[in-house]
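Subject: Structure for you to look at

Hello,

Here is the structure I said I would pass on. Please open it first, then read the notes below it.

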Amino acid sequence: MRLTSVTMHQLEMPLVSPFTTSFSTQTVRHVLLLEARLRVGVDEFTGWGECVAMAEPLYSSEYLSGAAHVLETWLVPRLIAAGDVSAEMVAHLLEPIVGHRMAKAALEMAILDAQLRADNRSFASYLGATRTHVPSGVSVGIHDSVPALLRTVSGYLDEGYARIKLKIKPGTDIEPVRAVREEFGGDLLLQVDANAAYTLADAAHLKRLDDFDLLLIEQPLGEEDLRQHARLAELLDTPVCLDESIVSAASAADAIALGAASVINIKPGRVGGYLEARRIHDIARANGIAVWCGGMLETGIGRAANASLAALPGFTLPGDISGSDRFYAEDITEPIVMTAGEVAVPTGPGFGVDVIPERLEKFRVGDAATVS
Ligand code: SMG
Ligand code: MG
């Protein structure tokens with residue numbers, strides 16, 4: 001198999017409502033899609049990948065235009081020059097380029113989709129997924145008032161979501177969590193995500209969250225604070241889950257060994273791709289560490305692929321795999337649908353969803369760029 005070209009498409013997709021985290025408010029998602037063409041014998045197959053980097057380097061050091069630049073200048077040319085390529089070889093071939101995991105993940109993803117389509121095989125079957133449906137959780141942004149938050153959560157629960165994750169930040173944490181727990185009762189699966197907004201000096205404050213029987217607290221401290229997370233985990237009863245800190249299987253192994261995480265949020269884009277994501281799943285499972293699949297406001301492409309990954313047996317907690325309509329009035333593929341708290345694992349070849357050309361044009365910004 002040879003990679004013959006990669007076309008980069010930049011889109012702007014409006015969100016149905018603003019999404020506020022401890023680091024920003026988003027009203028639109030800036031999307032970079034990769035369309036890879038793979039020659040297999042005399043045939044050519046197309047696959048799609050999605051880059052999860054955000055427009056600004058606030059969640060991670062990577063950001064979208066930087067990812068587009070490194071893909072165009074360094075990553076895609078290297079794979080085209082490599083000759084024989086498969087998805088399983090991508091990480092190794094790109095290893096000399098330091099970092100840029102979100103960019104690398106998008107490229108591996110596009111090649112994987114094309115390769116699976118050539119094999120007429122679904123991603124779930126390739127992974128060895130063991131479920132046909134996965135539980136669907138929803139991530140709820142920071143709201144200006146507690147009544148507004150309660151209305152939003154109530155709406156998601158009426159829709160059937162299986163678990164609620166509240167974004168928190170210093171000053172907007174204990175009271176909203178208390179209000180949601182009191183309003184919706186002890187059976188609600190509830191967790192919080194701080195996106196690195198606290199320091200270890202806030203340990204006594206964060207300890208107050210122990211009253212609310214949370215599934216976990218996600219990434220309370222900074223990306224590089226593994227040792228401090230381990231110390232915090234000793235102080236809290238609430239399980240500590242890492243997101244931003246887990247950038248590879250090696251960092252997952254370190255976090256587990258240090259006691260920095262008893263739960264891991266796996267985001268394929270953040271860790272360099274779906275194959276590294278599966279390695280993290282395997283390491284966590286062997287160590288008795290629960291994992292769940294995170295989200296980066298993916299379009300139907302990434303959302304479908306995440307649903308397949310989350311169907312592996314170690315994904316024992318509901319993921320941030322909501323229906324497309326949680327973020328988008330119109331997706332660029334057929335919508336991913338949440339029904340009765342679950343999302344169906346796609347069964348078609350590749351990631352099992354198709355890009356709708358008119359939608360691509362509707363949301364496109366700038367010109368497509370092809371590297372061949
Ligand atoms: O895709 O449902 C989704 C978003 C889930 O909260 C979510 N993602 O830190 O886990 C996280 C955030 C990262 C993106 S925030 C803009
Ligand atoms: Mg998170």
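Is the crossing of H9 and H10 left-handed or right-handed? The crossing of these two helices is right-handed. Keep in mind throughout that this is a predicted model.

Helix pair

Two packed helices are described by the angle between their axes and the distance between the axes. Here, helix H9 covers residues 249-258 and helix H10 covers residues 274-286. Their axes come within 9 Å and cross at roughly 20°. Because angles under 35 degrees count as roughly parallel, H9 is roughly parallel to H10.

The residues that make the contact are these:
- from H9: Ala249, Ala250, Ala252, Ala253 and Ile256
- from H10: Glu276, Arg279, Ile280, Ile283 and Ala284

Sorted by class, the contact of H9 with H10 has eight nonpolar residues, two charged ones and no polar ones.

Are aspartate 193 and glutamate 218 buried or exposed? Buried means under 20% relative accessible area. Aspartate 193 has 0% relative accessibility and therefore counts as buried. Glutamate 218 is also buried, because its relative accessible area is 0%.

Regards

Definitions and conventions
Residues numbered from 1 in each chain as written. Chains lettered and ligands numbered in written order. Predicted model: local features only at pLDDT ≥ 70, side-chain atom pairs only at ≥ 80, totals over all residues. Heavy atoms only, no water. Buried < 20%, exposed > 50% of the residue type's maximum accessible area, 1.4 Å probe, protein only. Axes fitted to C-alpha atoms, helices over the stretch in contact; angles between N-to-C directions. Helix = DSSP H or I, 4+ residues; strand = E, 2+ residues; numbered from the N terminus. Parallel < 35°, antiparallel > 145°, perpendicular 65-115°, else oblique. Left-handed = near helix turned anticlockwise from the far one by under 90°. Contact = heavy atoms within 4.5 Å. Nonpolar A, V, L, I, M, F, W, Y, C, P; charged D, E, K, R; others polar.
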